[in-house]
Amino acid sequence: MQTEAQARVQLVFDLFDVNGNGRIEAGDFELMAGRVDAAATGSGDAARGRMTAAFRRYWTTLAAELDVDRDGAITLDEFVACVLSPERFDDTIAEFAESLAELGDPDGDGWIERPLFVALMTAIGFDPANTNALFDAFGPSEADEVEVRTWTEAIKDYYQPDKAGTTGDLLVAGPTG
């Protein structure tokens, strides 16, 4: 696994461990879903429901695939398998990426505006400065928007162990400003 992928795994684990107890549990996903829902200004109930469902599916998939000792929690050692075998999670990650991007595009025009992008990423737990650096790396339009598919593909790339130098690596870097 690439060094960059290892750093991404650690960061995602830390973000998913919302309560900070060193283990990922179902409650962590409920907390994060609530934060993202609160940040999803302008999104309708259907889009919010799909996002909550995607968070729950993400937890269910992780628990089924990674909770080796079946104690209802996933340790970092267990979580590493998520990136070592990304094909086991492709559908779940795709659903998550598409639901999150849908929240970022409440008017359905195919573009995500910076303020909402930053709000959603910050609700997940990413550093705002790194989130802005990521948005800039996507090459925003003159209206300070990025295409939905650009963000969706970046989310999927984030979970690939053989990828290095992706835009998502900006989320792991020290704060950029």
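How many salt bridges does a search of the whole structure find? The search finds 11, where a salt bridge is a side-chain nitrogen of Lys or Arg within 4 Å of a carboxyl oxygen of Asp or Glu. This is a predicted model, in which local features need pLDDT of at least 70 and side-chain atom pairs count only at pLDDT 80 or more, while totals for chains, interfaces and linings use all residues. Residues are numbered from 1 along each chain as its sequence is written, and side-chain values use heavy atoms, with hydrogens and water left out.

**Confidence**

- The protein chain has a mean pLDDT of 87, and 91% of its residues reach 70 or more; pLDDT is the predictor's confidence in each residue, from 0 to 100.
- Within the chain, confidence is lowest in helix 4, with a mean of 76, and highest in strand 2 (residues 145-147), at 97; helices (H or I, at least four residues) and strands (E, at least two) are DSSP runs, numbered from the N terminus.

**The nonpolar core**

- The largest nonpolar core holds 51 residues, of which Phe16, Val36, Phe79 and Trp151 touch the most other members; such a core is a set of buried Ala, Val, Leu, Ile, Met, Phe, Trp, Tyr and Cys residues joined through side-chain atoms within 4.5 Å.
- Among the elements that give two or more residues to this core are helix 1 (3-16), helix 2 (26-39), helix 3 (45-66) and helix 5 (90-104), and helix 3 gives the most, with nine residues.
- Valine 36 is in contact (heavy atoms within 4.5 Å) with Met51, Phe55, Leu100, Leu103, Leu120, Ala123 and Ile124, leaving aside its neighbours within four places in sequence.
- Helix 6 is mostly covered, since eight of its 11 residues are buried, including Leu120, Ala123 and Ile124; buried means under 20% relative accessible area, exposed over 50%, and partly exposed in between, with a 1.4 Å probe and protein chains only.

- Side chains of opposite charge can pair when their charged atoms come close.
- The side chains of arginine 48 and aspartate 37 meet in a salt bridge at 2.9 Å, N to O; arginine 48 lies in helix 3 and aspartate 37 in helix 2, so this pair ties together parts that are 11 residues apart in sequence.
- Arginine 50 forms a salt bridge with glutamate 102, with the closest N and O atoms 2.4 Å apart, and this pair links distant parts of the chain, helix 3 and helix 5, 52 residues apart.
- Both partners count as partly exposed, arginine 50 at 40% relative accessibility and glutamate 102 at 27%.
- Arginine 23 and glutamate 25 also meet through their side chains, at 3.7 Å, N to O, and Arg23, Glu25 and Asp71 are linked in a network of salt bridges.

**Buried glutamates without a salt bridge**

- Glutamate 78, in helix 4 (residues 76-84), is buried yet has no salt bridge, and the nearest side chain of opposite charge, arginine 23, is 7.0 Å away; for charge, Lys and Arg count as positive and Asp and Glu as negative, while His and the chain ends are not counted.
- A polar atom of the glutamate 78 side chain lies 2.9 Å from the backbone nitrogen of threonine 75.
- Beyond its neighbours within four places in sequence, glutamate 78 is in contact with Leu66, Asp67, Val68, Asp69 and Ala73.
- Glutamate 145, in strand 2, is likewise buried with no salt bridge, and the nearest side chain of opposite charge, arginine 114, is 11 Å away.
- Not counting residues up to four places away in sequence, glutamate 145 touches Asp109, Trp111, Ile112, Glu113, Phe135 and Pro140.

**Positive phi angles**

- Most residues other than glycine have a negative phi.
- Arginine 70, in the loop between helix 3 and helix 4, has a positive phi of about 55° although it is not a glycine, and this arginine is exposed, with a relative accessible area of 54%.
- Aspartate 144, in the loop between helix 7 and strand 2, has a positive phi of about 60° and is not a glycine either; at 26% relative accessibility, aspartate 144 counts as partly exposed.

Key:
Polar contact = N/O pair within 3.5 Å; in protein donor to acceptor, adjacent residues only side chain to side chain.
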